[in-house]
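Here are my notes for you, written as a colleague would jot them down. Have the viewer open while you read.

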Amino acid sequence: MLKKLEEIKSKAVDELNRIADLKELEAWRVRHLGKKSELTQILRGLSSLSVEERKAIGSFANDAKSVIELLYKQNMETLKEQFYQDIEATAKGGKKGAAAKLDVTLPGRPLPLGRLHPTTQMLRQICDIFVALGFQVIEGPEVEWDYYNFEALNIPADHPARDMWDTFWIDYENERGERNMLLRTHTSPMQIRVMQQTRPPVRVVVPGKVYRYEATDATHESMFYQIEGLAVDEHITFSDLKGTLYEFAKRLFGEERRVRFRCDYFPFVEPGVEMAIDCFVCGGKGCRLCSDTGWIEILGAGMVHPNVLRNVNYDPEKYTGFAFGLGLERIPMLKYGIDDIRLFYSNDLRFLKQF
Ligand code: DAH
């Protein structure tokens with residue numbers, strides 16, 4: 001038996017000298033250390049031997065096993081090193097050994113590239129236009145007080161104008177039992193916050209999410225983006241409003257755009273207007289996009305209401321201003337003919353990848 005073990009050992013060593021790569025080494029390991037190898041069989045059979053035999057053969061067999069295992073580890077290291085050297089050599093132009101089969105010049109597997117969400121792209125584009133016109137970009141809270149969202153904007157409690165905004169109220173009551181916290185229904189509350197914190201001149205745009213308690217459909221989402229604008233100073237007139245928004249429309253929709261202002265009602269401005277651009281698909285002749293009117297409404301605006309100025313302690317005899325607000329998703333919907341607002345926030349890559 002001892003002779004047999006001696007043979008096993010020398011055979012293993014012998015074979016090892018002829019091994020050239022990792023694959024052959026693995027086969028060698030299976031042959032000499034694997035479950036079916038002679039050595040393993042002998043070690044398994046030890047229990048059936050007498051105590052003395054077991055001692056003698058057992059320790060010899062275990063020695064043989066340690067030697068073979070050690071050789072395996074050493075060779076593994078050497079071959080691995082060799083393998084990497086070969087790869088390097090191949091990369092440098094030469095070809096050698098196992099790695100010659102590995103073509104490191106093959107292009108890698110392409111990883112899908114991420115990109116900015118279409119809303120973010122549009123938001124940045126619009127803010128850039130206003131920054132170029134001298135406006136600052138500011139953000140504000142999405143959870144708001146009734147005071148900022150309505151009250152200070154000249155929309156008192158119980159005023160029917162509140163029906164213009166279907167509101168998500170927060171489940172919270174103050175010490176007087178009033179539910180006065182909500183998800184902002186528009187970005188206009190930031191007009192108040194900004195004016196409370198600074199004195200004129202004020203020129204800001206406020207992009208951000210707003211929320212409406214609304215059944216969703218192709219044109220309504222319960223969450224969407226708005227961009228608010230506010231300019232307050234001495235001697236600001238309606239011409240400033242028109243000039244600024246006309247410039248904005250041209251920069252966003254093309255130099256040849258025409259604009260139309262019509263009266264509209266928003267409690268925090270007087271007069272209030274709705275601005276439309278001539279349809280960029282049909283040039284004003286009338287088509288599907290503009291519902292045959294030739295015009296597309298893109299935002300609400302107006303001269304800041306004196307009550308709003310009073311609410312932030314600005315003297316309406318001294319200061320005037322204009323404000324505007326636009327729904328962000330509407331712009332790419334018009335520009336790219338997207339017919340369902342829900343596509344923006346349903347995380348479907350087939351949609352998002354197009355921008
Ligand atoms: N906040 C209004 C809305 O959500 C939009 C708006 C209209 C904002 C007129 C303004 C404005 O600043 O002057 O419907």
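1. First, some ground rules. This is a predicted model, where local features need pLDDT of at least 70 and side-chain atom pairs count only at pLDDT 80 or more, while totals for chains, interfaces and linings use all residues. Residues are numbered from 1 along each chain as its sequence is written, and side-chain values use heavy atoms, with hydrogens and water left out.

2. Start with the ligand's surroundings. It has 16 residues around it, with H186, S188, R212, Q226 and E228 the closest (a residue is near if one of its heavy atoms lies within 4 Å). At least two residues of this shell come from each of β5 (223–234), β8 (295–304) and β9 (319–327); strands here are DSSP runs of E, at least two residues long, and helices are runs of H or I, at least four, numbered from the N terminus.

3. A polar side-chain atom of S188 lies 2.9 Å from a ligand nitrogen. The protein buries 92% of the 360 Å² that the ligand exposes when taken alone (Shrake-Rupley method, 1.4 Å probe).

4. Finally, is N174 buried or exposed? N174 is buried, at 9% relative accessible area (buried means under 20%). You'll find N174 in the loop between α6 (146–149) and β3 (181–183), and its side chain reaches the backbone nitrogen of E178 at 2.8 Å.

Technical notes:
Polar contact = N/O pair within 3.5 Å; in protein donor to acceptor, adjacent residues only side chain to side chain. Buried < 20%, exposed > 50% of the residue type's maximum accessible area, 1.4 Å probe, protein only.
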